[in-house]
Amino acid sequence: MNKLVINNFEEFEQYVGKELGVSDYMQITQEQINKFADATFDHQWIHVDVEKAKAESPYKSTISHGYLNLSILPYLWNQIIEVNNVKMLVNYGIEKLRFNQAVLVGNEVRLRAKLLSLVNLRGVAKAEIKVSLEIKDCKKTALDATVIFLYHFM
């Protein structure tokens with residue numbers, strides 16, 4: 001996959017309404033889930049108790065935390081796009097977030113992104129990006145959202 005390279009607001013603006021790209025797949029491991037549970041103090045058995053999940057969960061497996069799925073978006077986003085000549089990038093918000101499908105341990109996920117809008121706010125570019133976290137070989141997405149970034153161009 002070729003990373004999209006953007007050097008200024010005008011180049012970025014050309015992609016409004018267009019797909020920006022798709023990341024590589026990333027496998028979700030039990031180790032990642034356990035570390036996320038430790039970091040967030042969310043040790044619910046559906047995430048961390050492998051044996052109980054096999055026996056009692058409708059998924060017959062542990063599942064990733066929804067917020068773990070959300071937290072990998074920046075990593076996957078950086079595979080899709082490189083925005084140069086920026087002093088700072090700020091996460092501004094997330095709208096219309098929906099967790100649609102559980103991500104089971106061992107599933108592979110990737111990010112698909114489309115630029116919905118780009119507005120110049122006196123030198124700060126407000127980008128609204130539709131993101132979908134896709135699960136390999138699954139028709140439903142793990143999550144869909146509109147993320148909003150503020151790019152402070154130089």
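**Exercise 1.** Which elements each supply at least two residues of the lining of the second largest pocket?

*Solution.* The model is a predicted one, in which local features need pLDDT of at least 70 and side-chain atom pairs count only at pLDDT 80 or more, while totals for chains, interfaces and linings use all residues. Residues are numbered from 1 along each chain as its sequence is written, and side-chain values use heavy atoms, with hydrogens and water left out.

On a 1 Å grid over the protein atoms alone, a pocket is an open set of points where a 1.4 Å probe fits, with protein on both sides within 12 Å along at least five of seven lines; lining residues have an atom within 4 Å of a point. A volume is the space filled by probe spheres set on the points, which are joined across faces, edges and corners. Helices (H or I, at least four residues) and strands (E, at least two) are DSSP runs, numbered from the N terminus.

Step 2 gives the elements: α6 (73-80), β5 (86-99) and β8. Of these, β5 provides the largest share, four residues.

Step 3 describes the space. The second largest pocket holds about 170 Å³, and 13 residues line it, with L73, P74, N91, V147 and F149 nearest its centre. Its lining comprises eleven nonpolar, two polar and no charged residues, where Ala, Val, Leu, Ile, Met, Phe, Trp, Tyr, Cys and Pro count as nonpolar, Asp, Glu, Lys and Arg as charged, and the others, Gly among them, as polar.

**Exercise 2.** Describe the largest pocket by volume, lining and contributing elements.

*Solution.* Step 1: the space in the largest pocket is about 210 Å³. Step 2: 18 residues line this pocket, and H47, S64, H65, G66 and Y67 are the closest to its centre. Step 3: α2, α3 and α5 are the elements that give two or more residues to this lining, and α5 gives the most, with three. Step 4: the lining divides into nine nonpolar, eight polar and one charged.

**Exercise 3.** Determine which residues of α2 are buried and where they lie around the helix axis.

*Solution.* Step 1: buried means under 20% relative accessible area, exposed over 50%, and partly exposed in between (1.4 Å probe, protein chains only). In α2 (residues 30-40), the buried residues are Q30, I33, F36 and A37. Step 2: these residues cover an arc of only 125° (from the directions of the C-beta atoms about the helix axis), and therefore lie on the same side of α2. Step 3: K35 and A39 are exposed on the face turned away from the buried side. Step 4: the buried residues pack against α3 (45-48), α4 (50-56) and α5 (66-71), contact meaning heavy atoms within 4.5 Å.

**Exercise 4.** Identify the residues with the most contacts inside the largest nonpolar core.

*Solution.* Step 1: a nonpolar core is a set of buried Ala, Val, Leu, Ile, Met, Phe, Trp, Tyr and Cys residues joined through side-chain atoms within 4.5 Å. Step 2: the largest has 37 residues, and F12, W77, I129 and Y151 have the most contacts inside it. Step 3: strand β8 (residues 141-153) gives the most to this core, with seven residues.
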